[in-house]
Amino acid sequence: MSKRKEVSPELITRQREIAGEIQAIHAAKTTPPLALVDTYGCQQNEADSETIRGYLRDMGYAFTQSEAEADLIIINTCAVRENAENRVWGNVGALTHTKKAKPEQIIVLCGCMAQQESVAKKVETSFRHVDLVFGPHALWRLPELLQKFMTEQGRIVEISDPDGVIAENLPSLRTEGPSAWLTIMYGCNNFCSFCIVPHVRGRERSRTPEHILADVRRLVADGVKDITLLGQNVNSYGHDLDGNADFAWLLQQINAVPGDFRIRFMTSHPKDASERLFETMVACEKVAKHLHLPVQAGNSRVLAEMNRGYTKAQYLALIAAARKHMPNIVLTSDIIVGFPGETEAEFEDTLDVLEQVRFDALFTFIFSPRTGTPAADLPDPVTRAEKQRWFDRMLSLQNQISTDRHKAYIGTTERILIDGKTDDARYPLKARTDGGRLVRLAGDESLIGEFVDVEITDASTWSLTAQLPL
């Protein structure tokens, strides 16, 4: 068990004081400076960007979506796949033009990419217009780092403390709406052979139940109706805490908070999922009957190479147990196609898992090597074109399964949360079922934020169509 490192309240207070000092400088100006926060990657990065925006608000910044107008640009990066990194490098490179037109513009690179030493060195040598680089573990120090740059006018790179810390009572500015992210833990101890996350997010650190429950009560008081609990592996919540707190227990505590709201969570790791979790999901009426359980591959040899900690048979047994407790549970998953050394026969095992489980939806990827992970050094004889062929076969199968499962909703009544608007004049509202299925419907935008019972009238591979009661 790694030793938890918690940031003291006094240090957090000091960051707030620094934010106030920066705000006082900005308040003397005729107009507030403008900030742009550009976020890549997972829900955890989205939650981190809410903290960044909260700090920026406290420092007196207003917000813009224009890179040319921005006085401060913060790029919150993802390191999970090569495509995301390439997009970041392309966009960072393009900022040379805005910096040239506006030399006083401050450009910041943060997030998972920034925690890698190779990235920090690349920025220092090839992207001289980037002023400040810091990893996820230094996020709580944003006011201090920004003030240091503004006063010392020297480039700053902060990627120390590889194991990470717990920092509570940070500000947050989330996007308006009835849904919210809530981080319950940070980091990962699993070290899947393809994954860079433990190397950039550090070891598992669980937030205390007291802080999590306080955040839940605050969100519910603010009118939030859909709370997604976040962690790289929520099923291992509490392993680093004293006492008997585990994830199932935490769900019970959150479920007991008064209010009409829905609880979601992601991501669950199959090696730590259990019948206790499934029993708790059944017993807690606010917990959505939706399980995102990444399988990653369907062949046991490949799973062992991935260091996933379970076999194909064990995964299928978990799915059977979940469905025993919740026959109508919505199941989604992640799959990587073309892991180094995977054969077509082994890939066929993945298709067999799809046929047996019949997931409602999948998040699918072709293997992307990450420097610093064991999988990046494995022999990989299968061509990209062949992997693409496998990938297309899998998508074709899953699209048909998703279509079939969605069509089974037609004629049923579903309780949905209307959570926003669309650009489709026929169906101007969007919503989610308890199982997270996207629903399109016509209605007045005053319904946003409300739970309503609707009849499902049509379905496609990607969404359901509903009609409000007459």
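User: Which residues does Leu 441 touch, not counting residues up to four places away in sequence?
Analyst: In this predicted model, Leu 441 touches Ile 416, Ile 418, Tyr 427, Pro 428, Leu 429, Lys 430, Ala 431, Val 454, Ala 466 and Leu 468, with residues up to four places away in sequence left out.

User: Where does Leu 441 lie?
Analyst: Leu 441 lies in strand β17, residues 438–441.

User: Is Leu 441 buried or exposed?
Analyst: Leu 441 has a relative accessible area of 0%, so it is buried.

User: What separates the C-alpha atoms of Leu 441 and Leu 468?
Analyst: A distance of 7.6 Å, although the two residues are 27 apart along the chain.

User: Now Asp 423. Where does Asp 423 lie?
Analyst: In the loop that runs between β15 (413–421) and β16 (429–433).

User: Buried or exposed, and why?
Analyst: Asp 423 counts as exposed because its relative accessibility is 86%, and the cut-off for exposed is over 50%.

User: And what separates Asp 423 from Ile 166?
Analyst: Their C-alpha atoms are separated by 40 Å, and the residues are 257 apart along the chain.

User: Change of topic. What about the whole protein: how many helices and strands?
Analyst: The protein has 13 helices and 19 strands.

User: What radius of gyration does the protein have?
Analyst: The protein has 23 Å, and a compact globule with 470 residues would have a radius of gyration near 23 Å, so the two agree. Along the principal axes, the C-alpha atoms fill a box of roughly 60 × 60 × 50 Å.

User: What share of the residues is buried?
Analyst: Buried residues make up 54% of the 470. As for contacts between residues at least 6 apart in sequence, 75% join residues at least 24 apart.

User: Which residues of helix α9 are buried?
Analyst: In α9, residues 275–283, the buried ones are Leu 277, Phe 278, Thr 280 and Met 281. They cover an arc of only 160° around the axis, so they sit on the same side of α9.

User: What covers the buried residues of α9?
Analyst: The cover includes α8 (247–255), β11 (262–266), β12 (290–292) and α11 (312–325).

User: Which residues line the largest cavity?
Analyst: Asp 48, Ile 52, Asn 76, Cys 110, Gly 111, Pro 136 and Leu 139. The elements giving two or more residues to this lining are α2 (43–58) and β4 (106–111). By class, the lining has 4 nonpolar, 2 polar and 1 charged.

User: Asn 45 lies in α2. Buried or exposed?
Analyst: Asn 45 counts as buried because its relative accessibility is 1%. Leaving aside neighbours within four places in sequence, Asn 45 is in contact with Thr 39, Tyr 40, Asn 76, Thr 77, Cys 78, Cys 112 and Arg 201.

User: How much space lies in the second largest pocket?
Analyst: About 640 Å³. The second largest pocket is lined by 33 residues, and those nearest its centre are Thr 51, Leu 170, Pro 171, Tyr 186 and Arg 207.

User: Which elements give two or more residues to the lining of that pocket?
Analyst: α2, β7 (179–183) and α7 (209–221). The lining of the second largest pocket has 15 nonpolar, 8 polar and 10 charged residues.

Definitions and conventions: Residues numbered from 1 in each chain as written. Predicted model: local features only at pLDDT ≥ 70, side-chain atom pairs only at ≥ 80, totals over all residues. Heavy atoms only, no water. 1 Å grid on protein atoms, 1.4 Å probe; cavity = no way out; pocket = protein on both sides within 12 Å on 5 of 7 lines; lining within 4 Å. Helix = DSSP H or I, 4+ residues; strand = E, 2+ residues; numbered from the N terminus. Nonpolar A, V, L, I, M, F, W, Y, C, P; charged D, E, K, R; others polar. Buried < 20%, exposed > 50% of the residue type's maximum accessible area, 1.4 Å probe, protein only. Arc of directions from axis to C-beta. Contact = heavy atoms within 4.5 Å. Rg over C-alpha atoms; globule rule 2.2 N^0.38 Å. Points joined across faces, edges and corners; volume = space filled by probe spheres on them.
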